[in-house]
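Here is a short briefing to read beside the model.

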Amino acid sequence: MEYYLQLVINGLVVGSIYSLVALGFVIIYKATKVVNFAQGELVMVGAYICFSLTVQAQLPFVVSFLMTLGFSVVLGMLIERLVLRPLIGESIISVIMVTIGLSSVLKSLVQVFWGTQIQVYPQVLPSDPVFIMGLPVAPVYIAAFILSLVLFLIFSAFFKFSSIGIAMRATAFDQCAAASMGIGIKNIFALSWCIAAVVSSIGGVILGNINGINSQLGHLGLKVFPAVILGGLDSLLGAALGGLVIGVLENVCEGLAKDLFGLGGFREVAAFVILVVILMVKPYGFFGTKEIERV
Amino acid sequence: MSGKCGLFFTSYRAEDAVFPSRFQKLCLAAFFLALAVCPLFLNTYHLSILNLMGISVIAAVSLNLLTGVCGQISLGHGAFVGVGAYAAALAVRAGLPFIPGLLCGGAAAAVVGMVFGLPSLRLKGIYLAIATLAAQLILEYLFLHWDAVTGGLAGVAVPPPEILGFQFMGDERMFYLIMAVATVCTLAVTNLMRTKPGRAFVAIRDYYLSAEIVGVNLFTYKLRAFGVSSFMAGIAGGLWGHYTMYITPEQFGIGQSISFLAMIIIGGLGSVQGAVFGAVFITLLPEVLSAGAGGLGSVFPDMATYFLAMKEGIFGLTLVLFLIFEPEGLAHRWRLVKAYWKLYPFAH
Amino acid sequence: MKRFLTMLVVAALLVPAAAWSADTIKIGVLSDLSGPTSDVGRPYAEGIKAAGAWLNSQGGIAGKQLELIQVDYAYNVQQALAAYKNFISKGIVALQGWGTGDTEALVQFVAKDKIPDFSASYSAHLTDPAKAPYNFFVAADYSTMLRAGIKYLKDNFKGAGKPKIAFIYPNHPYGLSPIAAGKDYAKELGMEIVAEENVDLKAMDATTQLLAVQKANPDFCWIGGTTASTAVILKDAKKLGMKAQFFSNIWGIDENLIKLAGDAAEGAISLQASAGYDDAGPGCELIRKVTNGQHQVASYIRGFASMLVMAEGMKRAAAKGELTGPSIKAAVETLKDYDPMGLTPPISYTPADHRPNMAAVLFQVKGGKMVKLATSTLERKAEWLGK
C-alpha cells in the first residue's frame, strides 16, 4: 500500500513540472486562442539563457534569473510581432504550422549558439532529499510544486480581478467585440506572449536544475497536451490540476500495464491514451468552457 | 471555373474535363514524355530524389484530401503511412503478389484511419488535431512493441516488388513504378473532387452546419475522407517499404507527419496541384540545403558543422516565412505567375 | 544587398560542382549533428574527420588523399537514404555510418552496392555476415558488452549465494537490443534476475521504477540508456539510498555523465570499447597532440579508431591491387588482432564473423574521474554470433 502511495506522491511531484509548462500554454490560448506547439522550446530557450548568464557570464544567480525574465519578455514580444501578428485571422492549421516551424527555428538557434552538448546547470537548491511519507523527494520538485501553485494563484487573480486580465479574456472570447470596446488587441496579444514566455523561463530554470539542459528539451511541449486537454484548454486551474493528474496517471498506468498486460514502457503513451479517452468523453476538459455553437 | 480566355464549350462534359484546353493536354504529354525519358540522363542520386518525391506526392495528395479539401486536420498521417508499409510488407512476405499486397496495405491503413477518424464526429479544429497527434504517438508505440506482427525493434525486411515475374530492383525501375502509381493516385483524387463526395467534402470544410442542413451526412462523409486519404497513405507506405527494402518503427515518426503537413501548406491547402508542388519542394529542400552547406563548408571549413546542423532550422524558417508571406502557398504563386505571362504586357 | 546575397548563395551552390575532381578516395560520412543523438554524434564525427585529416597528413592511402563527404541527416531515415544515394553517385568506396536508424535502413543497400559500412550502431545482428555482409564496427556489440560486464561482476562477486541482477533499459530498439542475450547469460552464470524496469531515454524521473527495483534488492543493476537517462537513474538511486552496483555501456556512462550526475555517479562501472583520453599509448598520444590537449569524450576516440581501422583495411586492399568496396571488405576481413594504435582492444574479423573483439574495457567512476578497472574478455562463441 505504501508503495502505491509513494507512486502517487512521485506522480504529483513530476506532474508539477507538467503543470508549470501547461500554465504557459494555457495563458497563450486563453488570450489569443492560439495553440502553441513551440511551448517546449520556449522553456528550453529560457533555461539556456539563464544557463549562459549564470555559467558563462558568471553572474550571481538572482541577477541572471531576473535578466532571463527580461529576455523572455523581449522574446515573447518578438515572436508575437514577427510571427503571430501576420497570421491574425488565418485558419487554425496555419497557426499550428507556424508554431511548429517556430519550434524548429528556436531549437536550431539554440544549437548554433550553445551546441548540442548536455550542459550542467548550476545547482541553486540543496540536493539532499526531503522525505514525504517515506519517499525521498528532491527539493527541486518541491520548488516546482510551490512555484506552479504560486503562479497559478497569481494568474488566476490576474485574469479574474485585474482589468488587463479581463481584457485578455474578452479578446479571446470575441476579438471584434473587444476591439469595439476600445481594447488594444495587438497589445493584448503581445502581453500574453510575454507572460507565457516568462512562465516558460521559470519552468525552464526548474527543469534545468533537475537534469541539466540540452537541445532536445523541447519534447516536453508534446507531453503537455494531455495535461491541458484534461484540464481544459483555457482553464488555468485545469492546467495546474491536469499536470498533476497526468503525472499520477502515468505512474499508475505504467504499473497496471506491467502487471496486467506485461507491456513495458507504457507510461510514455499512457498519457495519450488518456487524452483520446478524454477527447471522446469530455472534449472540453474538466474545467474548460464549453463552446456552444449557435446557428 | 478559372475562366480561361479563348475556351468555348459546347457540352457539359467538355466543360467538366480536368484539362480543358489543348495546350494543357500538350504540356501534360510533354511532361510525361520527359518523365519517361529522364532516367537515361539522370544518375542514381537524382533518380532516388525523384522516387522520394513520388512517394511524398502520393502522401501529400492524400493528406490534402483530408485536411485541405475536407478541413479535418490530421497530425497522424505519418503513422498511417507506417501502417500501410507494415501491412503491405507482411502481405507480400505471406505470399501475396505485389499489387494485391499493396492494396492490402492500403486497406489496412484505411481501416486504421477510419478508427482514428471516429473522434471527428465530436471534435473539430484543434481538438481533432490533438486527437490525431495522440493517434500518431499510439501507433508509433504499437509499431515498436507489437513484436509478433511488426517485428518490433528488428523491423521487417521487404523483398523488392515483382509484377508478373518482372522484378523492380534498383532506382530506375522503381522510378517507373512509383511515377505510375503517383499519377494514378493524383488523377484519382482530382476526379474525386469533381464527384458528389468531393463536393460534400468541400461543403463540410466551408461550413459544416450548412452542409448538414443541405443533407450531407457529416459523419459518414468525414469517415469516408479519413478512409480514402488513409488508403492512399497506405499505398504510399507500401511503396516506401518496397523501395527501402527494410522497415523500422523509427521511419514513421511525428517528424514525417509534420513534414507532410508542411508540404500541403507550403503548396497550398485544398488544391491537388499545390500538394504536388509542396511535395516536390519539401523533398528538394534538405538536398539543396545539404549541397549549399557542403559548398559553404568548403569555403569556411570551421563552420561546416554549423551549416550542416542548421538544416532543420532552415526548414522551420521556410515554413514560417511561407505562412507569413505566401499563406496560400506555391499554387497561388504559380497562378499569379501564369496570369502575369498571360496578360503581359498588361499585368498589374 | 539582395543581389549580393543571391550571388553568394549561387556561388556556394556552385562550389561543390567545381570541387575536387582530382584523384581522391571518397568516403561518405553520415552524422547526426543536430538531431536527438547529436550530443554524442558531433564528437564522433569530429573524431572521424580528425583521423581523416591525420591520415592525409601522413600521405593518405596508397599515395591518394582521402576525401570525406559529410552529411548531417539528423536521424531522419529518409535523408540518410538520399544522402547515401548521393554518396554512391559521387563514387564512394566506403561509408562511415552512425546510428541504428540509418544503419538498419542501409543494410540491404550497402550489401547490394557492396560498400563497407562502419557504423557506430553496435547491434549484435549486424555482426552476422549472413544477414549484414557489408557491416562492420570497431566496438564489441551491445550484447557482447553486456555479457562481458556480467562475467566480470560474477567473477568478482564476493557475497554468498546467487548474485541478484536487475535490468533497467528504455523501450527503444537501442535499449532492447542486448537484454535477451544479457538475461540468458546471467541465468547461465547462475545469477538471479530479480527486476526489470523501463526508463525512457528522455525521462526526467525514475523514482517509480527504482522503487520497484529497490524492493527486489539486487546486487547489480544494468542501465541501458544514454547519458541523460542514466544521470536521472543514478541521481534518483542515490536519493533512495540504493546499494546496488550500477553498470552501463558506452553511451550510458562517460565523462558527460559524471558532470551531469555529480557524486551520484561515484562507483558506477562503465563498459567502454576504447581507451580514455588520458591513457598511455601511441593512439592516445596522437589524439592529445591533434586536439592540443583539449579533453575529448569517448565517442571522439571511437570515431578516430573507426577511421583508423577502415584505413588499415584500405591500405591492405590497395597493397593487393585495387581499392573498391568488395576488395576493402575482403581486406578488412583479414584483420587479425589488429591494434589501432592502442585505442581499442585488438580487432579481428573473419568472413564468417564480423565481431571485432569479445572484450569490454571496464572503467569505474572514482573521485569524479573514469579510472580503468580491467578488461573482460569472453570466448568467441559461435552460438552467440548475431544475438
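Why does the span of helix H3 (residues 77-90) of chain C agree with its 14 residues? At 1.5 Å a residue, H3 of chain C should span 20 Å, and its end C-alpha atoms are 20 Å apart. The expected span is 1.5 Å times one less than the number of residues.

This is a predicted model: local features need pLDDT of at least 70, side-chain atom pairs count only at pLDDT 80 or more, and totals for chains, interfaces and linings use all residues. Residues are numbered from 1 along each chain as its sequence is written, while chains are lettered from A and ligands numbered from 1 in the order in which they are written.

**Helix H3 of chain C**
- Helices are DSSP runs (H or I, at least four residues), numbered from the N terminus.
- Of the 14 residues in H3(C), 12 are buried (20 or more other C-beta atoms within 10 Å of the residue's own, with C-beta atoms placed from the backbone).
- Among them are Val77(C), Leu81(C), Lys85(C) and Ile88(C).
- Gly91(C) follows H3(C) and has a positive phi, near 90°.

**Chains A and B**
- 35 residues of chain A contact 35 residues of chain B (C-beta atoms, placed from the backbone, within 7 Å).
- H4(A) gives the largest share of chain A's side, 17 residues.
- That side of chain A divides into 26 nonpolar, six polar and three charged residues.
- Nonpolar means Ala, Val, Leu, Ile, Met, Phe, Trp, Tyr, Cys and Pro; charged means Asp, Glu, Lys and Arg; the others, Gly among them, are polar.

**Domains of chain C**
- An automatic or database domain assignment sets the bounds: domain 1 is 2-139 + 279-356, and domain 2 is 142-272 + 361-384.
- Their centres, taken over C-alpha atoms, are 29 Å apart.
- Domain 1 gives 10 residues to the contact and domain 2 gives 17.

How values were computed: Two residues are in contact if their C-beta atoms, placed from the backbone, lie within 7 Å. Helices (H or I, at least four residues) and strands (E, at least two) are DSSP runs, numbered from the N terminus.
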